[in-house]
Amino acid sequence: MKLLIYTTHRTGSTSLAQLLMTHYNCDYQREGFYKNKNFIKTLNRIENIIIKLTPSEVNYDLVRSNFDKCIVLIRDNIKEQAESRLYAEHIKKHFTPYTIDDSFLKDNVYELNRMEQIIKTENEILSKCENCLHITYEDLYYKVTIDKSDYSYMVERDVQN
């Protein structure tokens, strides 16, 4: 199975990919995999892989047909996402826990507002993706249960594959 996680940064996509990697017994490749000029040829030869791509790397419609399943993941709380993205960029820690100082937030108000605008634009692109499961960070990490209808597309595809 080939699964695409189409998302932006700081949405919990790495944790989701690791969970799915275990569940489906797949390899996981981050966005750098797409930079390979033979991406599509390579992808066609690989089975059982999860790949994370972002709108800044590739148009969803150009790669969708190469995957069995696609998940579009956003974060509803774009303020927290902007804080996390900006802080991770500043301290160069993307996959380890950290705490954001209030002083960092106060000192970087302009950059945080700019980052929120970038995220809003990215989310507009993500919201237009079709033939996929749309889910949020908040659904994954805060919702006690997820209604089966929330992921019916994935269930239907599991039955078919």
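Where is Ile 46 found?

1. Ile 46 is found in the loop between helix H2 (39-45) and strand S3. This is a predicted model. With a relative accessible area of 22%, Ile 46 is partly exposed, because buried would require a value under 20%. Asp 27 lies 19 residues away along the chain, and its C-alpha atom is separated from that of Ile 46 by 9.7 Å.

2. Now the sheet. Five strands make it up, in the order S2-S3-S1-S4-S5. The sheet is open, and the pairing is parallel. Strands S2 (27-29) and S5 (133-136) stand at the edges. Each has a single partner strand, so one side of each is left without a neighbour in the sheet. From one strand to the next, the twist averages 20°.

3. S1 (residues 2-7) and S3 (residues 49-53) run parallel and are joined by five bridges. Leu 4 has Ile 51 as its bridge partner in S3.

4. Two helices deserve a look. Helix H1 (residues 13-24) packs on the sheet and touches S1, S2, S3 and strand S4 (69-74). The direction of H1 makes about 170° with that of S1. Helix H6 (residues 109-127) also packs on the sheet, where it touches S1, S4 and S5. The direction of H6 makes about 150° with that of S4.

5. The largest nonpolar core has 16 residues. Which of them touch the most other members? They are Leu 4, Tyr 6, Leu 53 and Phe 67. At least two residues of this core come from each of S1, H2, S3, helix H3 (60-63) and S4. S3 gives the largest share, three residues. Another core, of 13 residues, lies apart from it; Met 1, Ile 5, Leu 20 and Tyr 28 are among its members. In soluble globular proteins, nonpolar side chains tend to be buried together.

6. Last, the cysteines. How many disulfides are there? The count comes to zero. Cys 26 is buried, at 6% relative accessibility. Cys 129 is in no disulfide. The nearest cysteine sulfur to that of Cys 129 belongs to Cys 132, 5.5 Å away, whereas a disulfide needs the two sulfur atoms within 2.5 Å. Cys 129 is buried too, with a relative accessible area of 7%.

Notes:
Residues are numbered from 1 along each chain as its sequence is written. This is a predicted model: local features need pLDDT of at least 70, side-chain atom pairs count only at pLDDT 80 or more; totals for chains, interfaces and linings use all residues. Side-chain values use heavy atoms; hydrogens and water are left out. Two strands pair if DSSP finds at least two bridges between them. Helices (H or I, at least four residues) and strands (E, at least two) are DSSP runs, numbered from the N terminus. Axes are lines fitted to C-alpha atoms, for helices over the stretch in contact, and angles run from 0 to 180 degrees between N-to-C directions. Contact means heavy atoms within 4.5 Å. Buried means under 20% relative accessible area, exposed over 50%, partly exposed in between (1.4 Å probe, protein chains only). A nonpolar core is a set of buried Ala, Val, Leu, Ile, Met, Phe, Trp, Tyr and Cys residues joined through side-chain atoms within 4.5 Å.
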